[in-house]
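Thanks for coming, everyone. Let me take you through this one quickly. Please look at the screen.

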Amino acid sequence: MNINVSIKPGNRIRAFYLFFIIFDIQMGVGVIGVPRFIYMEAGRDSWIAILIAYLYIALVIYVMFVILKKYENTDLFGIHADIFGTWIGKLISTIFIIHFGTSFLSILLTYTEVVQLFAYHELPNFAIAFLIMLLVLYAVFGGIRVVVGLSLLLFISTFWLYFILYDPIMRMDWHNFLPMFQTSIPELLKGAKETSYTLVGFEILMIIYPFIANKNKAKLPAFLGLTLSIFTVLLVTTISIGYFAAEGLKHIDWALLILFKSASLTFLERLDYIVVMVWLMVILPNLVFLLWAISYGVKRVYKVPEKITIWVLAIFYLTIVNFFHYDYQIGKLTDLIARYSFWLIYVYPFILLIFVLIKKRKRRQGSEEA
Amino acid sequence: MWKKQKPKNKGISIFPIKIDTLEKILIDKFEGNPDLKFSRYTVSNRNVVVFFIDYQIDMASIQQSLLQPLVEFDKNGKKLTNETLMNSIPVNSPSTSVDIEEILNGLLIGKVYIYIEDEKTAVDYIFAKKESRSLEKAETESIVLGPQISFTESLSKNMNIVRWLIKSPDLVLEEFKIGKVSPKDVRLVYMKSLANDDDVQTMRQRLKELDVDEVEDAIVLKQYIEDSQNNLFPQFDITERPDRFAYNITKGKLGVLVENSPSGFTAPATLFSFLESTEDLYMRWQAGSFLRILRFVAMFISILLTPTYVAALTYQYAIIPTQILISIGQSRVSVPFPPIFEALLLEFLLELLREAGARLPTKVGQTMGIVGGIVIGQAAVEAGLTSNILIIVVAMSALASFTTPSYLFGTTIRLIRFPLIILAAFFGLIGIVFGITFLIIHTLRLKSLGRPYLVPLYPLQIKDFNKVFFRTPFNHSSKRARSYRPKFIKRFSSKDADQIRDIDE
């Protein structure tokens, strides 16, 4: 396997798209339910927990950039092959690909569940998944430029969702935050850990990096994208704590959607219906990026053509969604992903960094001796 | 279709030949055409023959400037040869030909041939007469302010208009012949100093490699050479307005004019270029921006309004506020159909009206509008076929679809509505979101002359927004749109334009 990849000029993207990429892939089904999980751990001081998560993720992204900078033009798969050799490298790359695959499934299932819960109780899993898969396939077959463009356009066409939150903000009770700073540090850290499922996804940076044309400008947009998604999580959590009574939040599964419910305009009511549907536009970039990353990864690691991977996966997903019928099944899957993605995404980059640094140092020494 | 054309093989000379034989050959070749005129003269003791097709040429001027000098050639006492003949005839650009095929094709485009017996070549002059209508007002793309003239079927008139609009030696009108059975003159128009070389090369190649028997019109040629023919979206911008054509050319795009076609097309186009009108430039910038934004909103209304009605009434009626819901309920009380049927019925009726209005003569067409709009609409409500709210909805989306300056694109928008209505009826709001997202992906994948279709939105070019989505005063638009990659971007110095003068200076 070639460690460095050469990308055709027509397939390169400008660095500032990373802003939309990072933001879009972090926003998805997670943010709908995340306030409850953070609140259960960190209570009133949840906002501190989120800020801790922010600092930590910023550090992880920085580490990713450090690792990537050590190479000429490569991605995660190339680095694995370089550091761990063919077989172990392939194994770890495969773990990542499986991680993308399970994330894809959990997003697909969670959104299907939300749609069924809020609007179509009778519509089978297959029908909703089929509609979504059509869009995903059509986008992924367009290649990297379409995938990135989709994330930009859907960002623009869903940005108005922020403005609907004006209504719950007006109804917030600020006393719900008092007294402040009562939560112990281990609880805050646990709260920060609860964001891991929601904010995971930025590892796409290590896959998409070789496609970026002006790499020296890549850091700022990536961090800004992270900042906006942290801001969103912070906003949603803060409003949820202020809007719902303290004990109530612990029993609310889809806090964000309930928040949207409270707004009403003179010409439109029950905005939550519209939001649930438009949320398709929010999760779609996630799915598209993940499927693209899987097909690209399989091609890099196993040299299988992307089209074959995509078709096989599409059939696989459309089959497997029919076996999930209950909330607890999806919950179990989500928990599983949250647990291992913490180690894979939030801890593993540091280990990789150590390996890369050792290897590079050895190589430099080797070349100096020679 | 995309095969390379074979180079034409040069014919063998049939000259020198006796005049009788020549006449026989020509009459054999033009079987069943009694219009080939063949007149013999004897000048300076040599047999001369003049032949042409009479309705293809200008008889008055051939009498005066060709036949007269020929008959009076004896007076100057020289020996008659091709050279002396060409000298004494006061018509410019004579040429000579030897090949019989060449002569036959020449006769068709209005050439007059003179053959002096036993000479090695025949001399020909162009006296083409081509009927065309005079210049008229633009009908399909009419605007209120600005030039009203439109292209006509005559290529030379069209080129004349374009040349007068862009009086620059940079303007290139490259010639192509397209069609094997009946070749048509096609001109590729661009500014040498502006147009992107890659684009010119791509367009040239597509025109050159097009291998068809004939093209009927510019719009047909456009479909042949577009990036994707199966697509609902037009990828090149067609126009009958010379000012719009010239505006695009001076911004670095390419234009194509076709013989016998009253429209030209420009490329590369974007989704947004179909919503631009040159009238935006003639208006004050505030009004221009307003109109442009209005057209965008109109596009969305036209696509989304009826499907949303269907989706809301079929599934998610909770999104409608109670007050409106009550009045909708009241007006739908006597309607026995589901919303989808009701909506399709009315949309279909409206399309019928539009089509009938377009086919009928103008005076009857107006009556059609009144009959359709008022009488049928009112009757449909009273008969309990539709609700009157839906009539407003459908009328609004129909009106909105007519605001697009490009008729072709307006048709696209009207067509898109139908699948969306059906999706809305099957899946409700999520069907609409699905449809819109599908359209977004679809337009993202589209290319026009190899360039992205959604530029400047994607790839994002924020500096071009004031040329596409709204309009700023001219001193703020000192640059051309980067999106089309012209060779140079600056139009004028922005420093001079922004210079602030002191009071009373």
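Accessible areas here come from the Shrake-Rupley method with a 1.4 Å probe, and for residues only the protein chains shown count as cover. With that, chain B exposes about 25,300 Å². Carbon and sulfur atoms supply 59% of that area.

Some ground rules. This is a predicted model, where local features need pLDDT of at least 70 and side-chain atom pairs count only at pLDDT 80 or more, while totals for chains, interfaces and linings use all residues. Residues are numbered from 1 along each chain as its sequence is written, chains are lettered from A and ligands numbered from 1 in the order in which they are written, and side-chain values use heavy atoms, with hydrogens and water left out.

Now chain B as a whole. Its secondary structure comes to 18 helices and 12 strands; these are DSSP runs numbered from the N terminus, helices being H or I with at least four residues, strands E with at least two. Chain B is more spread out than a compact globule, because its radius of gyration is 30 Å, well over the 23 Å that the globule rule gives for 505 residues. That radius is taken over C-alpha atoms, and the rule is 2.2 Å times the number of residues to the power 0.38. Along its principal axes, the C-alpha trace of chain B spans about 105 × 70 × 45 Å.

How much of chain B is buried? Of its 505 residues, 50%. Buried means under 20% relative accessible area, exposed over 50%, and partly exposed in between (1.4 Å probe, protein chains only).

Next, the domains. Chain B has domain 1 (19-126), domain 2 (155-269) and domain 3 (281-452), with bounds from an automatic or database domain assignment. The C-alpha centres of domains 2 and 3 of chain B lie 33 Å apart. Their contact (heavy atoms within 4.5 Å) takes 22 residues from domain 2 and 17 residues from domain 3.

Zoom in on helix α2 of chain B, residues 59-71. Its buried residues include Ile62(B), Leu66(B) and Leu70(B). What covers the buried residues of α2(B)? The cover includes strands β1 (36-43) and β2 (46-53) and helix α3 (82-88) of chain B.

Last stop, Gln286(B). This residue lies in helix α10 of chain B, residues 285-314. Gln286(B) is partly exposed, with a relative accessible area of 44%. Gln286(B) and Phe470(B) are 184 residues apart in sequence, yet 8.8 Å apart in space, C-alpha to C-alpha.
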